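Open the model in your viewer and keep the selection tool ready. Each stop below says what to select and what is there.

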Amino acid sequence: MQSLAALEKAKKELYDYIKDLFGKTSCPDPVLNAVERAIDSGKTVTGVRYTIYYYYQILANCADNINEVPWIIRDYYDEAREYAASLKRLGEINGKVKIEKVPSEIKIKPPSRHMRLKRRIITED
């Protein structure tokens, strides 16, 4: 019972995210059906949301046509999943690196001689 309530809450948050992204007041039926098909085929709600985020925020595509969302979920889900996995691996590798050097501060003296440019009148010749 709790898992169904959590799933419905996650779907509602996904629909709210889609509405906010496109500036709409409601999600059209093709988008709702595409999300349901994706979840029924074994994809997670978090994965679907991240796919939409990946396509519009990371790949910097313009969010002007809400009817593209079903194709984005279908075509970019695996690519977004691989991207998230690569970021996770990179974070694990970065966590293992130990930085022992203390950063040093370098002070630069301001220039001692200021050269002033002479004004010239520009004329059309």
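The structure holds 5 aromatic pairs. Select Tyr 50 and Tyr 53: their ring centres are 6.0 Å apart and their planes meet at 35 degrees, so this pair is tilted. Rings of Phe, Tyr and Trp (its six-membered ring) pair if their centres lie within 6.5 Å; planes under 30 degrees apart are stacked, over 60 edge-to-face, and the rest tilted.

A word on the source: this is a predicted model, in which local features need pLDDT of at least 70 and side-chain atom pairs count only at pLDDT 80 or more, while totals for chains, interfaces and linings use all residues. Residues are numbered from 1 along each chain as its sequence is written, and side-chain values use heavy atoms, with hydrogens and water left out.

**Along helix H3**

Stay on the tyrosine pair. Tyr 50 and Tyr 53 sit 3 residues apart in helix H3 (residues 45–58), about one helical turn. Helices here are DSSP runs (H or I, at least four residues), numbered from the N terminus. Tyr 50 is partly exposed at 23% relative accessibility. Tyr 53 is partly exposed too, at 37%. The scale: buried is under 20% relative accessible area, exposed is over 50%, and partly exposed is in between (1.4 Å probe, protein chains only).

Together they make a nonpolar surface patch of about 230 Å². Patch residues have over 30% relative accessible area and no salt bridge; like charges are joined within 9 Å, and nonpolar side chains (Val, Leu, Ile, Met, Phe, Trp, Tyr) within 5 Å. Areas come from the Shrake-Rupley method with a 1.4 Å probe; for residues, only the protein chains shown count as cover. Ile 58 belongs to helix H3 and is partly exposed at 31%.

Next, Thr 51. Is Thr 51 buried or exposed? Thr 51 is buried, at 0% relative accessible area. Thr 51 is also in helix H3. Leaving out residues up to four places away in sequence, Thr 51 touches Ile 72, Ile 73, Tyr 76, Tyr 77 and Ala 80. Contact means heavy atoms within 4.5 Å.

Select Phe 22, Tyr 55, Tyr 56 and Tyr 76. These residues form one aromatic cluster. Then pick Lys 43, which lies over the face of Tyr 77, 4.9 Å from the ring centre. The test is NZ of Lys or CZ of Arg within 6 Å of the ring centre and within 35 degrees of the ring normal.

Go to Ala 10 in helix H1 (residues 2–22). Ala 10 is partly exposed, at 25%. Draw a distance to Thr 46: the C-alpha atoms are 7.8 Å apart, across 36 residues of chain.

There are 5 salt bridges (a side-chain nitrogen of Lys or Arg within 4 Å of a carboxyl oxygen of Asp or Glu). Select Glu 8 and Lys 11: their closest N and O atoms are 3.3 Å apart. Glu 8 is partly exposed at 47%, while Lys 11 is buried at 7%. Lys 11 also bridges to Glu 36, at 2.9 Å, N to O. Lys 11 lies in helix H1 and Glu 36 in helix H2 (residues 29–40), so this pair ties together parts 25 residues apart in sequence.

Last, select Arg 74 and Asp 75, a salt bridge at 3.0 Å, N to O. Arg 74 is exposed at 53%; Asp 75 is partly exposed at 45%. To finish, show Glu 8, Lys 11 and Glu 36 together: salt bridges with shared partners join them into one network.

Notes: Helices (H or I, at least four residues) and strands (E, at least two) are DSSP runs, numbered from the N terminus.
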